[in-house]
Each structure stands twice: as C-alpha cells, then as structure tokens.
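Hello,

Here is the structure we talked about. Some notes on what was found in it follow below.

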Amino acid sequence: MTELTEEGVSKLEVFKILDLVAAPTFAWRPTPGSASAGVFWCNASARKRLGRIWTAEEQQKIADECPEPVRQATETALAIFHESVVVKRLSSTCSGDPRQLLFNTFSAIPESEVACDLHVGPLCFEMDAQEYVVALAQWRETSASAPQANARAACMLDFSPIHSYLFAADGKLLHANNKAAGMIKMAGKNEENFQLHELLLEDGQEQQEVAREARAAIFDRSERAFRCTLHSLGKDGKASWILYECWLNYDTVAAGGRFASAMLVNTFDVTDQKELERQLASARLQLLKQNEELEASNGQLKANEQIILNEKARLIQQQQKLQHRLKLALKIHQVQPRTYMDTMTIADKIVSALDAISEGETLQLEEVLQLRNAVLEADDLRRPVNLQHQLLHKAGLSTDVGLAMTEMLQGDSNSGAQRLARSRSLAKSTSSKDFSESLSRSQCRHRSSAETCDPTGGNAAGDQVAVVLIPEVERLLMEANGSFSFDAFKLAEASGNRPLSTLGFFFIKGSGLMTAFNICENQLVNFLQQIEAGYPDNPYHNRVHATCVLQVMHLLMQNGLIKLGVLQDVMVLACYLAAICHDFEHPGVNNDFLIKTGNRKALMYNDISPLENHHVSASFMVAADRPQANIFQGMSEEDRGTIRASMIDLILGTDMKKHFGLLSRFQAYSAQTSLQSPELRDRCLSQAPASSSTISAEHKLLIAQVALKCADIGHLSCPLALHQRWTDQLREEFFLQGDQEQQHRLKVSPLMDRSEASGMIKSQVGFFEIVALPLFTGYTQLIPDSKPLLDGVMSNYQHWHAGAKE
Ligand SMILES: [Zn+2]
C-alpha cells in the first residue's frame, strides 16, 4: 500500500474537486506505526488560511496545547477509519473554542471574527488499484460565535409566542419553551416525565394512537412534517381547536455528544380560525341553499313567464278577433238611438251568423231554427223581420206614427204577396164604387195635369234659352258648390224661380261633363228647363226640393265619391241627372194613394213604384220627344245605355219601400270591405282613383243609390230653421193628401189628417231613429268625408228628441 502524500492524492479527481470547495477542508490519514492520525492534505481555501500544511511537529504542538479537542478530533478521525460513523459534529461538544482545535496556533484567523463547526466524515477512494479511507474534516463558519448563537437561539425559542416542545424519538419531553412549559404546568403535569401523547390530546382516547402516528411519520417515514388539528373541551366548557405541527429536529445534547433525531412540536390555537371556518362553511351552505331556491324560483319564473307570454298571445289574438267582430257588428247594427227595433234583415242575420261561424263560434240550435223559419216564411230576405209588428209594438212609436211608418216602409210593390195584401186592405177601406169613381177622377186630373205641364208646348223661353247670371245667383252657386247649409229657397228667389235648371246647368257644365259627353248647351238648358217646369208647385215635392237634393248629391260626390274614385264621369252625370229628375211631375201624393185611387200611373206600372217609375220614364220622354232637349243625342251608345240604366236604378231606389233592402245590401258591402285587410280596403276606397276598378259596377251603383237616398232626405241635415221649413211643407203636403183622401172618401192615412195639427211632426223622432240615422251613419262609415252631413242630422235629431220629451 502506497503511503498517502499530499502530492499523491492531488492527482485524484475527488481531491481536485475538494480543492475548489470554499470551506477549509482537511484530510486525515492514520499515522503509520501508531494509533494516532495526522493531517496530510488540505484544500486551497485551508491553505489560504494556514499558508501550508502543518508538519508532524506542528501537529504535535497543537495536540500539546489543546489536548482535549485534538484528542476528540483524532478519536473521531480514527472512528471514521474503524467504525462506520457517518458524520460527527464536534463544535458544540468542545469545551473550548473549537478553533483552538486546529487554528488557534495560526494567527491568520482572528479569534473574534469566526465561529466554526468542524464536520468530520470518511472519504473512500481508489488509487493505484488500492482502496483507501481517510477522514475528511470541514470547517463551516457561522456569522457569530457559537455560544452567542446558541444563547440567542435558546432565548428566541424560549420567548417565542408559539408553544414549542422537543420530544425524543421515544416520546419523552426533551425541552419545552416558556409558553409550552407554562402550559404543562397549567395542566398540572411535570416536565420531567411529560409524554408526547399527553400533549396531543388532553382528554381523548386516541392520544396514544395519534402520538404513534406522529412519531412514525417523522422518524420512520422521514416525512417533512406531520400535522393534525385536534379538538378539546376546556374546563370552562368552551371548545377549543389546537393545530399540532411536528417537525424532524435534533437533540444536540444526547449521550455521547452525538446528534440524535428528535421531534419539534409547535402548537397553535386555531379555535378562532375554526370558528371562522365553521361560519364560512355554514354561510356557504346557506348560500348554496339560497342559490338552489333562487334557481328553483327562477325556473318557476321562467315557466310563469312563458305561460304569461302564451296567455298574452292568446288574449291578443282574442282581442283582434273581438275587435274585428265588433267592427263587423257596428257595421251591421247601426247606431240607433233609443229604438228597440231589430232592423236587421234576414239576409243580414244570415251573413252575421255565417261570420260568427267563420270566427269559430257555435250557434245555439234555437237561433238556427229561428233563422231557418224566417227564411222559409220570408218572401224577401232583404227586409226586417215582422217590420209592421215591430213598428207598432216595439219602436216606441204611437199607433198612428207606427202605421204611417209602416205605410211608408212596409212592402215592396215588386212583391206579389205584398201587392195581394195591399189589394185586400184596399178592398176593406174602399168600396168598388168608390174605386171606380176615384179612378175616373184620377184620369181627369192626370189629363189636366198633363196639359199644364206639357213639355212640348207653352214654354215662354222657347228652345233658345240663355241663362243670365246675376251677382246674387253667382254667389249662391258658389255657395252651393261647397256648403253643407245651402238654402235652395234663396236660389229659387234669386233665379226667378229657376233654381233647378240654374244649379243643374252650373254643376254639369262646371264639371266638364258637357264636353265629355258631347252635350250641346242649348239641349242641356232646354232639357233642364223642361224638367224644372215639370215640377208642380207642391208644398214639398217641388223644384226647390229637387234643387236641394241636387246640391246635396253634388256635395256627396265632391266630398267622397269622386275623390275616392268610386264614381267616374259617366256615373257622375247619371247621378246629377237622377237628382234633377228624381221627383219629376210628382203629384204631391204618395204611391199608396195612387194605388188606392187607381191612378193611371199605378195602372201603368202595375202598382210597382208608380211614382218613381213615372219620374224616370217621363224624364226620358222629355228628351225623347224633343230633339232640342235631347241631351243624350251626342253620346255614344254605351254611355247612353249606362246613364239610362243608372238613372232608372237610382230613381227607383228612392222609393222608401226599397229602403231596408238597399240599406241592408249597402251595409253588407260596407262590412265586407271592413272584413278585408285595412290595406285592401284603403286600396278599394282611398285616394287612388285608378284603384276604383276594384269596386264592381254593381257596388258603385249601390253606393250611388244610397247617396241619392241621403240627398233625397238631405233637408234633415240643414240648419234647423231651414229643416223646420221643409218639415212644415211636407206636413202640409201630407195634409193635402189627407184632404184628397177625404174627398175620395178614403180612410185618411195616418198623420195626414189636418184636424190633428201636429201631423207628421209626431213621426219625426221615429223617422230619424228608424230611417235617417241608420242611413246617414252607415253611409258615413263607408265614406267618412260625408261626416258634416251626419253631424247636421244628429243635431236636428237632438232637437226633435228633446221636443218629444217635453
Ligand atoms: Zn225627392
């Protein structure tokens, strides 16, 4: 075996590395031939401090001066060689300054500056195929001297607020700092034989178990730390929570000066923390619960929201349906103040029922059967059910008014059944002798009437008539063009009793219809004057009445029908002419009188609207008999045909016996347009004249017929004084008929008896309620521009209604 020398080992890798280590490091070898050992190598750091390796003599000198440390170091080094001790820390076991061990003799290390520990351990290496073991000693410096450091560490530990205990591996208490010692004392125990399990749990049954577990974790499994939190009940009954932290530590004063593993236990009172945790956990639980409840209620809300949305959609749909039906119902059931009559015709009722069915409604069986019976019994579906019965018993009218209204409205002479009923009542009231007498009288009167009104002769103005406009006439014509309170009497006065021809000429010429239909001026003037001359001076049905009707018809056309594109030129001319001719040669008595008295007109027209038939027929005769008055001469065949057909229908439509039939059809049409979408309706009846093609010719005629009916009773909308004048004149005409009935020994018609001074004025309220208001309201609903007319009618109605109450 080669002698270990400094030079010898310096070549080895391990020593080359050790040479670089910062801590002063020394290697011992056993001294050959002795039981001692000596340093044979030191690293660069040690050489820097020592300057060189000491000689055997110098080592001896150190040993002499510091016998105990050197002995210990040497013993340790020898133990390295002979025993398998891993590491030894010598510093704290030295009685003196550990530096004395090796350094004291070397002035290079100032005594006060360095505190060192000497760590000694074995180093095995191979050299020249031989194994060697040397003892390696390494100095580790600390910043202060070891005793000072120890004192500080002990003080720091003792005064620490943390309860710290050091236990040996067998569980025996090695040391307790001040806090911990106080605790042991308070528990009435003794530090001398205090055991780990006594600390871990004061009262628990598992203390041995937990203590065992802690020792196993630290000593056997070398875990970094062992923690447990244990609960105990204090003497005051208050619960407290203690956190135990166990760490591996060393007992530096174990027997033999060797390091022994020990366990440091720190305890912390975590009761507050636990309480906080408990509160947090409780709060969290509560929050979770609240969250769950909120989510549940949120789900419920969402479900409710959906239900509400569904319900809302359903209600909106229902509302739309109801509004639609209300609109429909309003169209059909016209506003009828105070009357309890059901003026719906059977056709209206059928349409209403069908609409209800189309809306998804179910009809009552009774309702269906009533409708069925009404259809089976009725000879005309466009007629209110049991009109006479209603007028007499339900309308709130006095009997004579009810009878008068019945006579006026009941029975279309087109109907065979009605004619039969009429003839029976006629037979009852008039003897056959009376009948033949009245017939012959009537024939005489007709002849004499024809003489006075002969359109072909006796006209002072002749064929060449010029219309001369004086300023007052001009002013009145301008007024007639737009005023809803026009006074035709004034025009009659100002125009030398030619109001009808003057106004007719003004309107027809002014609207450019003469040019459009190739009517020559002379022909028009002649025609108009012939017609005007044919109006007898009846109190009511005279030329001023015709003028009044013409003016209102003009307003209705200008304020609606033309503007909305319902009527075009050919119909406008037909309407003007129909208004002008509509009561031509009116005898001042009604159709019933003509029929009852067997008048030639009744005979001529088989009792079917004799008056109205005559008005049209005779008017056309005027044009036909005299070329100078033939306004139709220059027209195309088509226009002539259209105008003639329209005039016939328009004038026949003024027979009050056709009232309900016309109104019913009109309302059905009006309701029909409201059934369509608003856009479609707008297109039908709005500003765009081109769209008028969407209204059928039949419906255009129907609207014009109702307009002429409105115009015919247009005085109902006049200012009160004017309206009253017309009413008085109508009453007088009725009385005159009553007088004639008396002369004919006929039963005087209701309200026509002069001995009852009020006469037809009694029937005003009933007439407004049953005829006028539904008519004007219905018309205004379709043609809103005619509202001023309805307002005038309402105003006069209120007058009569108030009077009737008094
Ligand atoms: Zn009339």
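Which residues of H28 are buried? Bear in mind that this is a predicted model. In H28, the buried residues are Ile643, Ser646, Met647, Leu650, Ile651 and Leu652. Their packing partners are three helices: H24 (569–581), H27 (610–625) and H31 (697–712). The length of H28 also checks out: it runs over residues 637–652, and its 16 residues should span 22 Å at 1.5 Å a residue, which agrees with the 22 Å between its end C-alpha atoms.

Next, Asp583. The UniProt record, an unreviewed entry, places the feature "binding site" at this residue, and the annotation may be inferred rather than shown by experiment. Asp583 is found in the loop between H24 and helix H25 (591–596). Asp583 counts as buried because 27 other C-beta atoms lie within 10 Å, where 20 or more are needed. Leaving out residues up to four places away in sequence, Asp583 touches Tyr535, His541, His545, Ala546 and His615.

The other loop residue is Met760, in the loop between helix H32 (720–743) and helix H33 (764–782). Is Met760 buried or exposed? Met760 is buried, with 23 other C-beta atoms within 10 Å. Its contacts, again not counting residues up to four places away in sequence, are Ala404, Leu730, Arg731, Phe734 and Leu751. Met760 and Asp400 are 360 residues apart in sequence, yet 9.4 Å separates them in space, C-alpha to C-alpha.

Regards

How values were computed. Residues numbered from 1 in each chain as written. Predicted model: local features only at pLDDT ≥ 70, side-chain atom pairs only at ≥ 80, totals over all residues. Helix = DSSP H or I, 4+ residues; strand = E, 2+ residues; numbered from the N terminus. Expected span 1.5 Å × (residues − 1). Buried ≥ 20, exposed ≤ 12 C-beta atoms within 10 Å, placed from the backbone. Contact = placed C-beta atoms within 7 Å.
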